[in-house]
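Subject: Structure for you to look at

Hi,

Here is the structure I promised you. Please open it next to this email. My notes follow below it.

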Amino acid sequence: MLKEKVVKDTIVAIATPSGYGAIAVIRMSGKNSIKIINNIFVSISLKKKLSENYLNLGFIKIKKKIIDKVLILVFKKPKSYTGEDVVEISCHGSMYIQNKILSIIIDQGARLANPGEFTLRAFINGKIDLCQAESILDLVNSETLFSHELAINQMRGNISNIIKNLRKKIIDLLSLIELELDFSEENLFVLNKREFQKILDNIIKKINDLIKSFKIGNALKNGILVSIIGCPNVGKSTLFNKILKDERSIVSNIAGTTRNYIEENLIINGIKFSFIDTAGINNKTKDYIEKLGIKKTYKNIKKSDLILYVFDGLNEDFKIIMKNFKSLQEKYPKKKIFILINKYDLIKKKINLRNYQEKDIFHISAKYGYGIKNLLDEITFFYKKITSLKENSIIITQTRHYENFKKAIFYLYKVKEDLEKSIYPEFLYIDLQTALECLGQIIGEVTNEDILSNIFSKFCIGK
Ligand SMILES: Nc1nc2c(ncn2[C@@H]2O[C@H](COP(=O)(O)OP(=O)(O)OP(=O)(O)O)[C@@H](O)[C@H]2O)c(=O)[nH]1
Ligand SMILES: [Mg+2]
C-alpha cells in the first residue's frame, strides 16, 4: 500500500527551478531529516543543536571540507508542510553546490523525492485534503490573476467545506432511512418523506450549481476560447492582429485570404484568452481548400466559449446583420455572441441601435483601432461579472471534481425518482451511499492508489 511505503523513508529534492540562480532551496522530509542535517551542518555560532522554526546560519561540511555557507530552517513534526520533520536548506544557486548538497544528503540515507511527494505526504498525514493538494498544483501553475484567485479559493478549503457539508446532509438522509428501517417495516416514509425530500432537493440544487460552474471555471483556468467569425473580407484578420498587437495573420482585400485558422493566447485584464482567426464563411464557394477552411470554422464555433461575429458595416444592411446573428444564435443557443460592426471609419452615419433591443453590439474600426479597447473591456467585464470571484462564490475547475459531481448527482436523481415511486428504503440507501462515496473521492476521503499517482505525478519534484 502506497501509504505505508511513503511514510517510512526520508526524501529530499531541490525545490527551486533547475539552473543557476542567486539562491536555491533543498528540501528534506521524513524521520531522519534532522539527524542527517546534524551530520553535515556546522552552525556559525558553533551551537550543537539546530533551533526549530528559526533560521540557522552555518556551513555544510563533509570530511572537514566546506561546501557552502547556508541557512537552515527546521520544522518539527507535525508543524510542517508534510506533517513530518522537514528541513529546508537555502544554499547558493550554483548547479555544482545544489547537486553536491543533494548527493551528500542521499549518501546520508535519504532518497530522491518523486514528483509531488512532499504534497502527497501532506495529504497522507492529514495536513490537507485532496482538493487542496490539487489547488497547490494550480497555484504553482497559475498564470493569471483569475486562475490564481481560483486556486487560492480552493486552497483555502472553500470547495472542501462545501463537500463536507453536502456529505453531512447525505449522512442525515441515511440516518432517516435507518430510522425508518428500525421502526416501520410497511409504511415507508409515513413520517419523514417530506423532510427527506427537502434535504435531497437542497443537495441536488447545490451540486447542480457546482456542475454548472465547471464550464466557466475550466475556461478561466485554461483560457477562454474566442472565435472571430464572419463573411470573407469583413476584417477578421485585421481585428485579430489588432488585438494581439502583432501582424500575425495575413490581411488583404482579396476575399478568402485566411484559409486555415490561427490561434494565439493573450492575457487581458487578468484573464487568459485564446483568440482564433477563422476562414470567412462563404457558403457559395466552389474552392475545395476554402471549403475545408470553412468546415474548420464551424468546428471552432462549436468548441468556443465566445463568438465575435464580425460584419462589414459599410456593405452590410443592419437588418441583414440581425438576421444572420439570429440564425447563428438559433443554431448555438447557449453560446455567447458579440456582434462587431467593423470599418466604422468608412461609415458616414453610425447605425442607430436604439431601434434594436439587442445588447452586445459594438461599432469598431479594426484597421485604426477604434472601439477595440472598449470591446476587450466589455469581454473581460462579462466574465468577471458571471464569475464575480467573491469569498463564497464557488467555481469548480478540475475535471476530476466535475466527473465525481456528475456521478453523485446521477445517483441522487435516482434516489429522488425511487422516493416518488415509494421503492424499498434499502435501495435508496445503497444509491445514497454511492453518492456519498463520489463526494468523498473529491476530497480524498475515499481514494485509491491510481487516483493519487495520477494527481501527484503532475507536480514537479520538490513540491
Ligand atoms: N477602412 C477599413 N478597412 C478595413 C478595416 N478592417 C479591415 N479592413 C480591410 O478589409 C480588407 C479585408 O481585411 P481582412 O482582415 O483580411 O478580412 P478577413 O475578414 O480576415 O477576410 P478573409 O480572411 O478573406 O475571410 C483589408 O483590405 C483590410 O485592410 C477597417 O476597420 N477599416
Ligand atoms: Mg482573414
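Below is what I found, starting with the ligands.

One caution before that: this is a predicted model.

**Ligand 1**

The shell around ligand 1 has 23 residues. The closest are Lys236, Thr238, Gly256, Thr257 and Thr258. By type, the shell holds seven nonpolar, 12 polar and four charged residues. Helix H9, residues 236–244, supplies the largest share, with three residues.

- Thr238: an N or O atom of its side chain sits 2.5 Å from an oxygen atom of ligand 1.
- Gly256: a polar backbone atom is 2.7 Å from an oxygen atom of ligand 1.
- Ser365: a polar side-chain atom is 3.2 Å from an oxygen atom of ligand 1.

How much of ligand 1 does the protein cover? On its own, ligand 1 has 660 Å² of accessible area, and the protein covers 92% of that.

**The magnesium ion**

Ligand 2 is a magnesium ion. Which residues coordinate the magnesium ion? They are Ser237, through OG, and Thr258, through OG1. The distances run from 1.9 to 2.0 Å. The two residues come from distant parts of the chain, 21 residues apart. Ser237 belongs to helix H9. Thr258 is in the loop between H9 and strand S9 (262–268). Both Ser237 and Thr258 are buried.

**Helix H9**

The buried ones are Lys236, Ser237, Leu239, Phe240, Asn241, Ile243 and Leu244. Lys236 is also among the residues closest to ligand 1. Just past the helix, Lys245 has a positive phi of about 55°.

**Domains**

The protein is split into three parts. Domain 1 covers 2–127. Domain 2 takes in 145–218 and 395–444. Domain 3 covers 223–366. The centres of domain 1 and domain 2, taken over C-alpha atoms, are 43 Å apart.

Thr10 sits in the loop between helix H1 (2–8) and strand S1 (11–14). Is Thr10 buried or exposed? Thr10 is buried, because its relative accessible area is 2% and the cut-off for buried is under 20%. Its side chain reaches the backbone nitrogen of Asn32 at 3.0 Å.

Ile159 is in helix H7, residues 158–183. Ile159 counts as buried because its relative accessibility is 3%. From Ile159 to Ile267 there are 108 residues along the chain, and their C-alpha atoms are 26 Å apart.

Asn315 lies in the loop between strand S11 (306–312) and helix H11 (318–331). Asn315 counts as exposed, because its relative accessibility is 58% and the cut-off for exposed is over 50%. The side chains of Asn315 and Asp312 make a polar contact of 2.9 Å. Asn315 and Val234 are 81 residues apart in sequence, but their C-alpha atoms are 9.2 Å apart in space.

Best wishes

Methods:
Residues numbered from 1 in each chain as written. Chains lettered and ligands numbered in written order. Predicted model: local features only at pLDDT ≥ 70, side-chain atom pairs only at ≥ 80, totals over all residues. Heavy atoms only, no water. Near = heavy atom within 4 Å. Polar contact = N/O pair within 3.5 Å; in protein donor to acceptor, adjacent residues only side chain to side chain. Areas by Shrake-Rupley, 256 points an atom, 1.4 Å probe, with all protein chains shown as cover. Helix = DSSP H or I, 4+ residues; strand = E, 2+ residues; numbered from the N terminus. Nonpolar A, V, L, I, M, F, W, Y, C, P; charged D, E, K, R; others polar. Donors = N, O, S within 2.8 Å, 3.2 Å for Na, K, Ca; no water. Buried < 20%, exposed > 50% of the residue type's maximum accessible area, 1.4 Å probe, protein only. Domains from an automatic or database assignment.
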